[in-house]
Amino acid sequence: MNRFCIVNNRNYIVPTILATFVHLVVVFVIAGHWFDHAKPEHKVARQIQAQMIDLASLSLPDAAASQQTSETRNQQAAQQEQQRQEQQRQEQQRQEQQRQEQQRQEQQRQEQQRQEQQRQEQQRQEQQRQEQQRQEQQRQEQQRQEQQKQEQQRQEAEQQRQRELVAQREAESRLKAERERQAAAEAERKREQELAAQKAAEERKREEDARKAAEEKQRQEAAAQAERQRQEEARQREAAEQQRRAAEEKARAEAQAAAQAAAQAAANAVIGDIGSYISAMLTQNWRIPATARNGMETVIELHLMPNGEISDVRIIKSSGDAAFDRSAEQAARRTERLPRVAEVEPLLFERRLRRTQVVFRPEGLRW
């Protein structure tokens, strides 16, 4: 619309200039006639004076009026066009407002729907929580009833055990009394039998003493001879047993030494293989600093877990260069885990690998 107004203003400038120029020409011509009549008459020969008039210039006012009428129509057309565009803009604004209102209503409807869904979800969750609470209360009630039932059964079992214990004690008391009575009667009978037997035994003893004295003498002589022979046989058996035990102990010691040597060799092989593996893993993660020089040496101690994880790293000997020491420690911490360590036997791991020392040198790791 601004562009249209600028164009119309430019269209008005040219006609205005032309109309102004025409009016000045007309005024100049008329003013010339006025001044001619005002001059004094000169005594000259009478002659005919003629003046040429451009008819085209006389038609200029009509052209200017026509031009002004055209400009008026153009202005009216421009105003109508502006009004039409303004109405169109207002219509577009109304439609835009209507669209925004519809969009706002749609958003409001969606928001209400979302709130309704949230309310329903909260209601569902509340119902679930109440249901879970009811189930929990029911479970606790069942558990309490079960505990009461178990406690009642335990009390009944304890009462039954007490009754059985009382009955058992009463039976044991009666049995003990019966046994004591029977023992007393048996003791009395045995005492009478012993008195009779004692008398008979005394008689037989006197008869047997003489016979036993002779037999005892013979027995003692035979026993002495047998004892001497038994001692000699025992000495021979003891010597043979000592020789056999010495031979067995020697063979056992040799077998144990051989087994220990084989186990030690196998352990050394495993430890050597694991040591090479640890060195290779640490070398992959070692970033040697620019300050490293030949002759530097840093010793770190790895605290390993049975699954191969490195639980702690400690520097036990410094190279004197902080960057070199830090690079060695970071190489161990960057490794984090040594999976093959988990394959080592637990006893061997505890003896040889739980605390492992590694030497870092610029020319290479040393196990």
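In what sense do β1 and β2 pair, and over how many bridges? Good morning, and let me begin with the answer. The two strands pair in the antiparallel sense, over 6 bridges. Please keep in mind throughout that we are looking at a predicted model.

Read from the N terminus, the elements follow the order α-α-α-β-β-α-α-β. Of the 367 residues in the protein, 14% are buried. The protein exposes about 29,700 Å², and carbon and sulfur atoms supply 50% of that area. If we take contacts between residues at least 6 apart in sequence, 73% of them join residues at least 24 apart.

I turn now to the sheet. As a general point, strands of a sheet pair through backbone hydrogen bonds, either parallel or antiparallel. Here 3 strands form an open sheet in the order β2-β1-β3, with antiparallel pairing. β2 and β3 are the edge strands, since each pairs on one side only. On average, and ignoring direction, neighbouring strands of this sheet are turned by 25° against each other.

Let us follow β1 through its two pairings. On the β2 side, Glu 301 has Arg 314 as its bridge partner, and Ile 300 has Ile 315. The hairpin of β1 and β2 has 5 residues between the strands, and within the hairpin Gly 308 takes a positive phi near 95°. On the other pairing, β1 and β3 are also antiparallel, over 6 bridges. There, Val 299 is the bridge partner of Val 359 in β3, and His 303 stands opposite Arg 355.

How many of the residues of β1 are buried? The count is 7 of 7, so this strand is mostly covered. In a regular strand, side chains alternate between the two faces of the sheet. In β1, Thr 298, Ile 300, Leu 302 and Leu 304 point one way, whereas Val 299, Glu 301 and His 303 point the other way; all of them are buried.

Next, the helices that lie on these strands. Helix α4 lies across β1, β2 and β3, and runs at about 160° to β2. Helix α5 lies across β1 and β3, at about 50° to β3.

Which residues of α5 are buried? They are Leu 348, Phe 349 and Leu 353, in a helix that spans residues 346–353. These residues cover an arc of only 105° around the axis, which puts them on the same side of α5. The opposite face, turned away from the buried side, carries the exposed residues Pro 346 and Arg 351.

This leads us to the interior. In soluble globular proteins, nonpolar side chains tend to be buried together. In this model, the largest nonpolar core has 26 residues, and those with the most contacts inside it are Ile 278, Ile 300, Leu 302 and Phe 360. The elements giving two or more residues to this core are α3, β1, β2, α4, α5 and β3. The largest share, 6 residues, comes from α3.

Finally, consider Gln 284, which belongs to helix α3, residues 60–284. Is Gln 284 buried or exposed? The cut-off for exposed is over 50% relative accessible area. Gln 284 counts as exposed because its relative accessibility is 57%.

To summarise, the picture has three parts. There is an open sheet in the order β2-β1-β3. Helices α4 and α5 lie across strands of that sheet. There is also a nonpolar core of 26 residues, to which α3 gives the largest share. Thank you for your attention.

Note on methods
Residues are numbered from 1 along each chain as its sequence is written. This is a predicted model: local features need pLDDT of at least 70, side-chain atom pairs count only at pLDDT 80 or more; totals for chains, interfaces and linings use all residues. Side-chain values use heavy atoms; hydrogens and water are left out. Buried means under 20% relative accessible area, exposed over 50%, partly exposed in between (1.4 Å probe, protein chains only). Helices (H or I, at least four residues) and strands (E, at least two) are DSSP runs, numbered from the N terminus. The arc is that of the directions from the helix axis to the C-beta atoms. A nonpolar core is a set of buried Ala, Val, Leu, Ile, Met, Phe, Trp, Tyr and Cys residues joined through side-chain atoms within 4.5 Å. Two strands pair if DSSP finds at least two bridges between them. Axes are lines fitted to C-alpha atoms, for helices over the stretch in contact, and angles run from 0 to 180 degrees between N-to-C directions. Contact means heavy atoms within 4.5 Å. Accessible areas come from the Shrake-Rupley method with a 1.4 Å probe; for residues, only the protein chains shown count as cover.
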